[in-house]
Structure formats: C-alpha cells, structure tokens
Amino acid sequence: ISSFQPPADLHHDWVGPPDRLSNLRPMKFYTPKLESKLEQELRNLRMDTQDWNQNFWLNQNITFNKEKEKFIHSRLKAKGIGLRDEEGRKNTLSAEEMAEFYKEFLDINYNKHVNYNKEWYKRNFTITWLMGRVVLQNAWRKWRRRKEVEQ
C-alpha cells in the first residue's frame with residue numbers, strides 16, 4: 001500500500017492514491033475520541049475488509065500479470081518472433097489472441113472469483129447493517145440528550 005499520510009488531526013476518513021499493484025485506494029479511518037463499541041466494531045470490520053480486499057487484488061493482479069507475460073512469450077516464441085523488434089520496441093499480440101488468454105484466465109480463476117464475490121457481498125452487507133445501527137444509535141443518543149436538556 002502506498003505510504004500517503006493524512007494530517008495528524010484527522011477528523012474524517014481519508015482516501016489515498018491507488019496502489020500500483022492492487023489498483024485499490026488505501027483508506028485511513030478516522031477514530032472518534034468517544035467511539036462507541038458499535039462504532040469501533042464497524043471501523044474494525046471496515047479496516048479488516050480493506051486489508052482482505054487489498055491482499056486479494058494484490059495477489060490476483062500479480063498472478064494475472066505473470067500469467068499474461070508467460071502467455072505472450074509462449075505465443076511469440078511459437079511464431080518465431082522475439083520479445084522485441086529490430087528497433088527495440090516490445091512485440092505484442094492481437095486483441096483476438098489476447099482474448100484467448102483473458103478467457104482462459106477467467107475460466108481457471110472462476111471459483112476464486114465466485115468465492116471472492118460471496119465474501120465481498122457478505123462483508124458489505126454486514127458493514128451496511130452496522131452503519132445503519134450506528135446511525136440509529138447516534139440518533140437515539142441525540143434525542144435522549146435533547147430530552148434531558150428540555151427537562
């Protein structure tokens with residue numbers, strides 16, 4: 001993850017620049033001074049989900065790039081073409097040839113993606129549920145404080 005640093009007096013969540021390998025934007029989560037247990041649970045789940053997501057896409061993209069390079073090298077070799085042309089430019093494959101690689105990669109990784117999506121939806125549903133509970137908790141606190149002031 002990139003080493004971006006938000007200000008020390010952070011009062012909101014901060015989103016950083018995309019990571020060069022995972023392409024995900026890291027987040028720094030704000031921790032309120034009087035954070036409730038429910039708010040802490042939500043923040044911890046969000047941080048855990050960010051780490052889980054970062055690890056998945058980091059590994060997936062590294063694997064994808066390695067496999068793509070192997071595919072390109074093997075196809076160029078089969079054609080009797082080097083990795084670079086006589087002017088030093090990188091030789092490439094056609095879109096149709098690369099489509100074969102993309103389909104094969106997706107087919108091979110189908111179960112991994114299905115499992116990722118299941119876990120992603122489960123985590124996001126839980127995060128959304130906790131966010132709703134936090135909103136209700138904060139509204140209830142505010143209402144109770146207002147009632148105490150009125151008395």
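The dialogue below goes through helices, packing and a few single residues.

Colleague: What should I know before I start?

Modeller: This is a predicted model, in which local features need pLDDT of at least 70, side-chain atom pairs count only at pLDDT 80 or more, and totals for chains, interfaces and linings use all residues. Residues are numbered from 1 along each chain as its sequence is written, and side-chain values use heavy atoms, with hydrogens and water left out.

Colleague: How many residues does helix 1 have, and what span is expected for them?

Modeller: Helices (H or I, at least four residues) and strands (E, at least two) are DSSP runs, numbered from the N terminus. The expected span of a helix is 1.5 Å times one less than its number of residues. Helix 1 has 42 residues and reaches 61 Å from its first C-alpha to its last, close to the expected 62 Å. Helix 3, residues 110-150, has 41 residues and reaches 60 Å, close to the 60 Å expected. For helix 2, residues 95-108, the count is 14 residues and the reach is 20 Å, close to the expected 20 Å.

Colleague: Which residues of helix 2 are buried?

Modeller: Buried means under 20% relative accessible area, exposed over 50%, and partly exposed in between (1.4 Å probe, protein chains only). An α-helix has 3.6 residues a turn, so residues three or four places apart point the same way. In helix 2, the buried residues are Glu-97, Met-98, Phe-101 and Phe-105. They lie on the same side of helix 2, because they cover an arc of only 95 degrees around the axis; the arc is that of the directions from the helix axis to the C-beta atoms. Ala-95, Glu-96 and Lys-103 are exposed on the face of helix 2 turned away from its buried side.

Colleague: What covers the buried residues of helix 2?

Modeller: Contact means heavy atoms within 4.5 Å. The cover includes helix 1, residues 37-78. From helix 1, the residues that meet helix 2 include Phe-64, Phe-71 and Ile-72, and among those they meet in helix 2 are Met-98, Phe-101 and Phe-105.

Colleague: At what angle do helix 1 and helix 2 pack?

Modeller: Axes are lines fitted to C-alpha atoms, for helices over the stretch in contact, and angles run from 0 to 180 degrees between N-to-C directions. Angles under 35 degrees count as roughly parallel, over 145 as roughly antiparallel, 65 to 115 as roughly perpendicular and the rest as oblique. Helix 1 and helix 2 pack at about 140 degrees, with their axes 11 Å apart, and are therefore oblique to each other. A crossing is left-handed if the near helix is turned anticlockwise from the far one by less than a right angle, and right-handed if clockwise. Helix 1 passes helix 2 in a right-handed crossing.

Colleague: How do helix 1 and helix 3 cross, left-handed or right-handed?

Modeller: That crossing is left-handed. The axes of helix 1 and helix 3 come within 10 Å and cross at roughly 160 degrees, so the two helices are roughly antiparallel to each other. The buried residues of helix 3 are His-113, Tyr-116, Arg-123, Ile-127, Leu-130 and Val-134, and they pack against helix 1 and helix 2.

Colleague: What does Gln-137 touch, leaving out residues up to four places away in sequence?

Modeller: Gln-137 touches Ser-36, Leu-38 and Glu-39. Gln-137 is found in helix 3 and is partly exposed, with a relative accessible area of 23%. Lys-112 is also in helix 3. Lys-112 is partly exposed at 39% and, with neighbours within four places left aside, is in contact with Phe-56 and Gln-60.

Colleague: Where does Asn-23 lie?

Modeller: Asn-23 lies in the loop between strand 1 (14-15) and strand 2 (27-28). Its phi is positive, about 70 degrees, although Asn-23 is not a glycine. Asn-23 is exposed, with a relative accessible area of 54%.
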